[in-house]
2 protein chains.
Amino acid sequence: MSWSQLHEVYWYDNPEKTIDCAVCNAPSSGRHYGVFTCEGCKCFFNRTVRYKLSYTCESSGNCRIDRQNRTQCQHCRFEKCVKVGMRRDAIRRGRPTKYSYLSRSSKSFTSQYDLITLLTQLERSARASITAAPKLPDPGVQSMP
Amino acid sequence: MSWSQLHEVYWYDNPEKTIDCAVCNAPSSGRHYGVFTCEGCKCFFNRTVRYKLSYTCESSGNCRIDRQNRTQCQHCRFEKCVKVGMRRDAIRRGRPTKYSYLSRSSKSFTSQYDLITLLTQLERSARASITAAPKLPDPGVQSMP
DNA sequence: CTTGGTCAGGGGTCAG
DNA sequence: CTGACCCCTGACCAA
Ligand SMILES: [Zn+2]
Ligand SMILES: [Zn+2]
Ligand SMILES: [Zn+2]
Ligand SMILES: [Zn+2]
């Protein structure tokens, strides 16, 4: 069993730990450079820092970054990466215990951001479960993304 | 080396293995919008959808589309693009998932999914056993009469 | 339970 | 308008 498969199993067994990307709100694939982000924002941040790329905003520098338009303005995307706390030298943490991101020190801006992100997601889930019929998981396709 | 360059090299070395464009039969440059097509048909389809262009056939709507005359009738060219299955899915850039080539309507979707998963694991195991195997002299040769 | 590399494929460019 | 060429993106993998 590969690491990525193990990762999938881990996330499936711990759905409550799934957090959306702090930059673009797509489902995150874990913590990258200190922040929960998707694969895209992880790679984008890595490329930008590694090759020392610099971008210019065609608009007023206030572009909203979400899953659909995250590739439209590189300047504002990278600005948001930095704003939410992504750092190349982020200290690698050990295996987090359950809910560790809730009990971590609230002095950390990053953990506050994680908390807000989680609460936002919970609210969205709650609202969705009210307006839509609950969907039972299909055992046959439970490992599908 | 870019993908198209690599493909050209591959095509040069393996001319009989090239997959042709499903629309015009020119050598394809890979899979585009779900179908193996050439660069021309890829760009034509993209432009048509993006700018919502519509065309009219000067003939009876049955023009044959091949490499030589593909630019002669835009209406029939686009019609063939759609017919062979080209479509712009949800806007998603980056590498497609290995499961993205499954046909959504197929009743064997789940078994196809399992097959891809199995093949992936087999490939990984095979690769691991090759790179990890110690290079020993073949003992079978010596014991043979 | 992350990091860095890989590369298929989306999409822009610009002579022709 | 066309399409050869090239950059950018992000899913997957090895480690
Ligand atoms: Zn993201
Ligand atoms: Zn911007
Ligand atoms: Zn073609
Ligand atoms: Zn026609």
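I began with Thr37(B), which touches Cys21(B), Ala22(B), Val23(B), Ser28(B), Ser29(B), Gly30(B), His32(B), Lys42(B) and Met86(B), leaving out residues up to four places away in sequence. Contact here means heavy atoms within 4.5 Å.

A note on the ground rules: this is a predicted model, where local features need pLDDT of at least 70, side-chain atom pairs count only at pLDDT 80 or more, and totals for chains, interfaces and linings use all residues. Residues are numbered from 1 along each chain as its sequence is written, chains are lettered from A and ligands numbered from 1 in the order in which they are written, and side-chain values use heavy atoms, with hydrogens and water left out.

**Thr37(B), continued**

I placed Thr37(B) in the loop between strand 2 (35–36) and helix 2 of chain B. Helices (H or I, at least four residues) and strands (E, at least two) are DSSP runs, numbered from the N terminus. Buried or exposed? I looked up Thr37(B) and found it buried, at 0% relative accessibility. The cut-offs are under 20% relative accessible area for buried, over 50% for exposed and partly exposed in between, with a 1.4 Å probe and protein chains only.

**Zinc ion (ligand 3)**

Next I asked which residues are the protein donors of the zinc ion (ligand 3). They are Cys21(B), Cys24(B), Cys38(B) and Cys41(B), each through SG, lying 2.3 Å from the ion. Donors are N, O and S atoms within 2.8 Å of the metal (3.2 Å for Na, K and Ca); water is not among the atoms, so sites may look incomplete.

Why is the arrangement around the zinc ion (ligand 3) tetrahedral? I read angles of 103 to 118 degrees among the four donor atoms, which makes it so. The tetrahedral label asks that all angles of four donors lie between 85 and 135 degrees. Along the chain, I noted the spacing C-x2-C-x13-C-x2-C for these donors. Cys21(B), in the loop between helix 1 and strand 1 of chain B, and Cys41(B), in helix 2 of chain B, link distant parts of the chain, 20 residues apart. I have Cys21(B) as buried at 1% relative accessible area, and Cys41(B) as buried at 0%.

Cys57(A) and Cys73(A) each lie in the loop between helix 2 (39–50) and helix 3 (74–83) of chain A, so the pair ties together parts that are 16 residues apart in sequence. I checked burial too: both Cys57(A) and Cys73(A) are buried.

**Helix 2 of chain A**

I then turned to the buried residues of this helix, which are Cys41(A), Phe44(A), Phe45(A), Asn46(A) and Thr48(A). They pack against helix 3 of chain A. After helix 2 of chain A comes Lys52(A), with a positive phi near 50 degrees.

**Positive phi in chain B**

Last, I looked up two residues other than glycine. Lys52(B) has a positive phi near 50 degrees and sits in the loop between helix 2 (39–50) and helix 3 (74–83) of chain B. I logged Lys52(B) as exposed, at 70% relative accessible area. Asn25(B) has a positive phi near 70 degrees, and I found Asn25(B) in the loop between helix 1 (3–13) and strand 1 (31–32) of chain B. At 49% relative accessibility, Asn25(B) went down as partly exposed.

Methods. Four donors count as tetrahedral if all angles lie between 85 and 135 degrees; four count as square planar and six as octahedral if opposite donors are over 155 degrees apart and all others between 65 and 115; anything else is irregular.
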